[in-house]
Amino acid sequence: NWLNQHQPTGYGVGSADNLPLTIGVEGNVIRVLYEKNSYGYTVEYYKDSLDAGNRIAEESGVAKEYGSSLTDDLVAMDLGENWLNQHQPTGYGVGSADNLPLTIGVEGNVIRVLYEKNSYGYTVEYYQDSFTAENWIATENGNEKVYGSSLTAALVSLDLGSTWRNLHRPTGYSVGKIERLPLTIGVSGNVVRILYEKNSYGYTVEYYQDSFEADNRIAVESGVAKEYGSSLTDDLVAMDLGENWLNQHQPTGYGVGSADNLPLTIGMEGNVIRVLYEKNSYGYTVEYYQDSLDAGNRIAIESGVAKEYGSSLTDDLIAVDLGENWLNQHQPTGYGVGSADNLPLTIGMEGNVIRVLYEKN
């Protein structure tokens, strides 16, 4: 093995320059030359970590001379200008090479390229009534999250605060409904949407007689809840409480009810309709008789001005209607002054009759 007994590592087998050699008196020298070998290299591509299980690709470069320095430019000549990122996965950052420049050895000429996940931001869009552009009311931006990770409500709370779901909740609307959570973070389109829908609120109908004083309230009815901001009309109340809702608590002797605030715009509170019943007025008659109150003995009838239900009809009030001499205006000759049988009279819905009797002197 005399030819290669001094062969350096990384060098090829020796070559003798003058064999066979004719022996002379001097200068009998044989020279052996060793020249460097060339060795190939590989580029291994990994994602997330340099664990063997995470290797995603491998490329082989042109052999380089032993001991030479392998640089980015030389790799680019072999594998292309984009060699570092030619296996870059979606959502990952640009690759980083772990050992460049590399001194070419006999073996182990490996460059490892690592891709790590990028982080991407997300937004929360807030809407009312529906997910249409015109119903958009606000947008909030969250902190960037690692590509492929799961964005949860808890993570959004860390970025935007624990009340993020209702940050832009309009008055009269329910808590926000979350769409697209959990969300897998992508390169783009990381949007969480919140929808606020109108709440419904109940209403009451309060019934009063004579005036809207608390002591004059005679009944209360509750209607079916209606959407916030909607208009409560007579027809809608009728659907809840019945066609006769306005007069279902009408007291005897009172007129039909009048509602003080219809239509009513439904709010979060204070949805009250008040119905007032006021007393009717009813007429009365004065019947005049002689000798007895038998029907055959009635000699005249007078009608007075209608009076409020439940009020007391007195002599003075009749005098205002029929004249001061009302009691004796039909007194027959030879008869005494008349006597009224039921004064004062409480005015009712009917039967308001005063009978005056004249008896012979």
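## Salt bridges across the chain

A salt bridge here is a side-chain nitrogen of Lys or Arg within 4 Å of a carboxyl oxygen of Asp or Glu. Lys307 and Asp321 make one of these contacts, with their closest N and O atoms 2.7 Å apart. Lys307 lies in strand β22 (residues 298-308) and Asp321 in helix α4 (residues 315-322), so the pair ties together parts that are 14 residues apart in sequence. Helices (H or I, at least four residues) and strands (E, at least two) are DSSP runs, numbered from the N terminus. Lys307 is buried at 13% relative accessible area, whereas Asp321, at 24%, is partly exposed. For these words, buried means under 20% relative accessible area, exposed means over 50%, and partly exposed is in between (1.4 Å probe, protein chains only).

Before going on, a word on the model: it is predicted, so local features need pLDDT of at least 70, side-chain atom pairs count only at pLDDT 80 or more, and totals for chains, interfaces and linings use all residues. Residues are numbered from 1 along each chain as its sequence is written, and side-chain values use heavy atoms, with hydrogens and water left out.

Searching the whole structure gives 15 salt bridges. Among them is the contact between Asp159 and Lys145, where the closest N and O atoms are 2.7 Å apart. This pair links distant parts of the chain, with Asp159 in helix α2 (residues 153-160) and Lys145 in strand β10 (residues 136-146), 14 residues apart. Asp159 is partly exposed, with a relative accessible area of 22%, while Lys145 is buried at 14%.

Glu206 and Arg217 also form a salt bridge, and here the closest N and O atoms are 3.3 Å apart. The two residues sit on two strands, Glu206 in β15 (residues 200-209) and Arg217 in β16 (residues 217-227), 11 residues apart. Glu206 is buried, with a relative accessible area of 14%, and Arg217 is partly exposed at 43%. Elsewhere, Glu44, Arg55 and Glu58 are joined in a network of salt bridges.

## Aromatic rings

There are 14 aromatic pairs in the structure. Rings of Phe, Tyr and Trp (its six-membered ring) pair if their centres lie within 6.5 Å; planes under 30 degrees apart count as stacked, over 60 as edge-to-face and the rest as tilted. Tyr45 and Tyr115 have ring centres 6.3 Å apart and planes at 10°, so they are stacked. This pair links distant parts of the chain: Tyr45 belongs to strand β3 (residues 38-47) and Tyr115 to strand β8 (residues 110-115), 70 residues apart. Both Tyr45 and Tyr115 are buried. You will also find one aromatic cluster made by Tyr11, Tyr39 and Tyr66.

Charges meet rings too. The charged end of Arg193 sits over the ring of Phe131, 4.0 Å from its centre, and that of Arg274 sits over the ring of Phe212, 4.1 Å from its centre. To count, NZ of Lys or CZ of Arg must be within 6 Å of the ring centre and within 35 degrees of the ring normal.

## An open sheet

Strands β3 and β8 turn up again in an open sheet of 4 strands, ordered β4-β3-β8-β6 with mixed pairing. Its edge strands, β4 (55-65) and β6 (96-97), each pair on one side only. Two strands pair if DSSP finds at least two bridges between them. Strands β6 and β8 run antiparallel and are joined by 2 bridges; Ser96 has Leu114 in β8 as its bridge partner.
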